[in-house]
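Work through the exercises below with the sequence and the model at hand. Each task is followed by a stepwise solution.

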Amino acid sequence: MTTPTPTVGANEGGAALVWARRQATMGDYRALLALELASWSINFPGEPFSESAFRYSLEAGLRYHRMYVYEHDGQLIGWLWLDFNSSWDAVHIRHVQVAEPFWGRGGGASLLRDAIKESREAGRTAITLNVTKANLRAMHLYRAAGFVLDQDNGDRQRMRLELNTDD
Ligand SMILES: CC(C)(COP(=O)(O)OP(=O)(O)OC[C@H]1O[C@@H](n2cnc3c(N)ncnc32)[C@H](O)[C@@H]1OP(=O)(O)O)[C@@H](O)C(=O)NCCC(=O)NCCS
């Protein structure tokens, strides 16, 4: 287990969000399931949710990927899941989430900054992610961070951010 790293989100919508990051564990399962259910209803409305499939993918992600949780006053309010295995040059963001009561306080942007920093440090040259087009808050966040359309998949799209390693 790593020592929690304090992070400060930008102060766009309310008080700056101060939270501590640590590696996720299966002990976080209940909190992550609650977040996932909230995210699912936004991104896949009307589609059935399988808890067993979620648990299986979470266990695989903890074993093979990098997964972090962010805590504020002892409450798990953020989640970042980075897949370094899906390609040799890019890191794929499997999940990025802030608990709804904390939206608009720069938390989402802060998670993306962490993803970018870690990808650069690993020598990767790009970051990819999939997003539901109707998720306007997420679309805004990704565009503002410089992500551009990579592949149109109907209701969803793949986006890509090239990392300028000279920065
Ligand atoms: C997407 C998510 C991570 C954003 O978190 P957040 O903490 O609100 O992010 P931030 O505060 O850093 O930024 C939100 C931005 O969206 C903007 N925004 C809010 N509502 C918006 C809307 N309806 N349309 C467009 N932009 C919107 C805010 O103004 C802010 O932009 P700004 O910094 O330029 O002002 C969060 O909404 C979330 O966890 N959603 C559920 C899970 C999810 O869908 N994850 C993405 C999967 S691809």
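Two strands pair if DSSP finds at least two bridges between them. Helices (H or I, at least four residues) and strands (E, at least two) are DSSP runs, numbered from the N terminus. The model is predicted: local features need pLDDT of at least 70 and side-chain atom pairs count only at pLDDT 80 or more, while totals for chains, interfaces and linings use all residues. Residues are numbered from 1 along each chain as its sequence is written.

**Exercise 1.** Describe the hairpin of S7 and S8, and decide whether S7 is buried or in the open.

Step 1. S7 and S8 are antiparallel, with five bridges; Gln151 has Arg158 in S8 as its bridge partner.
Step 2. Two residues separate the strands of this hairpin, where Gly154 takes a positive phi near 80°.
Step 3. A residue is buried if 20 or more other C-beta atoms, placed from the backbone, lie within 10 Å of its own, exposed if 12 or fewer, and partly exposed in between.
Step 4. Of the six residues of S7 (residues 148-153), zero are buried, so S7 lies largely in the open.

**Exercise 2.** Check the length of helix H2 (residues 51-64) and its burial.

Step 1. The expected span of a helix is 1.5 Å times one less than its number of residues.
Step 2. For the 14 residues of H2 this gives 20 Å, and the end C-alpha atoms are 20 Å apart, which agrees.
Step 3. One of the 14 residues of H2 is buried, so H2 lies largely in the open.

**Exercise 3.** Which residues have the most contacts inside the largest nonpolar core?

Step 1. A nonpolar core is a set of buried Ala, Val, Leu, Ile, Met, Phe, Trp, Tyr and Cys residues joined through C-beta atoms within 7 Å.
Step 2. The largest one has 32 residues, and Leu80, Ala115 and Ile127 have the most contacts inside it.
Step 3. Elements giving two or more residues to this core include H1, S5, H3 and H4.
Step 4. Two residues are in contact if their C-beta atoms, placed from the backbone, lie within 7 Å. Leaving aside neighbours within four places in sequence, Ala115 is in contact with Leu80, Leu82, Val91, Ile93 and Ile127.
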